[in-house]
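Let's take a friendly walk through the pockets of this model.

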Amino acid sequence: MSIEVNNINKSFEGKKSDKLSVLEDINLHVDDGELVCLLGPSGCGKTTLLRLIAGLDQPTSGEIIENGEFVKKPSGDRAVIFQQYSLFPWLTVLQNVTFGLEMTNKDNKSENIAAAERYLTSVGLIDFKDSYPHELSGGMKQRVAIIRSLLNHSPILLMDEPFSALDMQNRHKLQEQLIGVWKRFENTIVFVTHDVDEAVYLADKIVIMDKNPGRIAEIIEVDIERPRKRESHDFINLQESIVDKLDMEE
Ligand SMILES: Nc1ncnc2c1ncn2[C@@H]1O[C@H](COP(=O)(O)OP(=O)(O)O)[C@@H](O)[C@H]1O
Ligand SMILES: [Mg+2]
């Protein structure tokens, strides 16, 4: 499914009725099956833009089109994954992870459990599959919630800094798993991050944003082959050139 963001402006009512212009002139095309990262400093409007694409909020002007239809409200096509997650306290880890699958793929119970167990193993949580959320640390709960969202296979994933609170090792594992899910299910993904390394690892296309007001500064097509190696020249060069650009803009 493709997403078209056309001439979006968004302002909020500020104090004393001043208008705070948060996004100006945003134009962006996300192709079917593309993985696009929105990259920019805190406060540049990344979350605001993601909420507009999700249909959770309306632009002040401009339009967002998904597969030829105007986005007016949230839809089941689009899974929104925020920084904070919640698990169902009365379900075990395994039940939490397979929760969505039980509705969308209910005739394949053993397949669902096998997939869930594979994911839990890869992030070191398989021994906790029968535990309840209150028995887990914050970071463990977060990994469980991310796995649940990856297993849900919505055609569009809108992800807002989902891995930012994890340690590096788990962040890298979940990035790899996200790529695995995306390759297999050909989701269209808009992934928000302020981490250059994460954007270079994940993206087909990196949208660099400026702040005050939030605008698109540059769009970079990333044609480094996958699986990407962080130590490769192409990876390091692109990362450095983006870091330089972000420094210039701050
Ligand atoms: N509901 C709101 N009302 C007023 N101002 C808001 C609202 N949401 C976001 N903002 C402002 O919009 C700007 C961009 O915020 P945000 O989209 O959260 O940026 P980012 O996700 O890039 O850090 C910030 O200055 C923030 O204070
Ligand atoms: Mg944000």
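Which residues line the second largest pocket? In this predicted model, the lining is made up of L101, N105, E111, N112, A115, R118, Y119, L151, H153, R184 and F185. At least two residues each come from α4 (109-122) and α6 (168-185), and α4 is the top contributor, with five residues.

Now for the largest pocket, which has a volume of about 330 Å³. Its lining counts 14 residues, and those closest to the pocket centre are A79, V80, R148, S149 and N152.

| Pocket | Volume | Nonpolar residues | Polar residues | Charged residues |
|---|---|---|---|---|
| Largest pocket | about 330 Å³ | seven nonpolar | six polar | one charged |
| Second largest pocket | about 180 Å³ | five nonpolar | three polar | three charged |

One more spot deserves a look, and it brings back a residue from the largest pocket. G100 itself belongs to the loop between α2 (93-97) and α3 (101-104). Is G100 buried or exposed? G100 counts as buried because its relative accessibility is 9%, and the cut-off for buried is under 20%.

How values were computed
Residues numbered from 1 in each chain as written. Chains lettered and ligands numbered in written order. Predicted model: local features only at pLDDT ≥ 70, side-chain atom pairs only at ≥ 80, totals over all residues. Heavy atoms only, no water. Helix = DSSP H or I, 4+ residues; strand = E, 2+ residues; numbered from the N terminus. Buried < 20%, exposed > 50% of the residue type's maximum accessible area, 1.4 Å probe, protein only. 1 Å grid on protein atoms, 1.4 Å probe; cavity = no way out; pocket = protein on both sides within 12 Å on 5 of 7 lines; lining within 4 Å. Points joined across faces, edges and corners; volume = space filled by probe spheres on them. Nonpolar A, V, L, I, M, F, W, Y, C, P; charged D, E, K, R; others polar.
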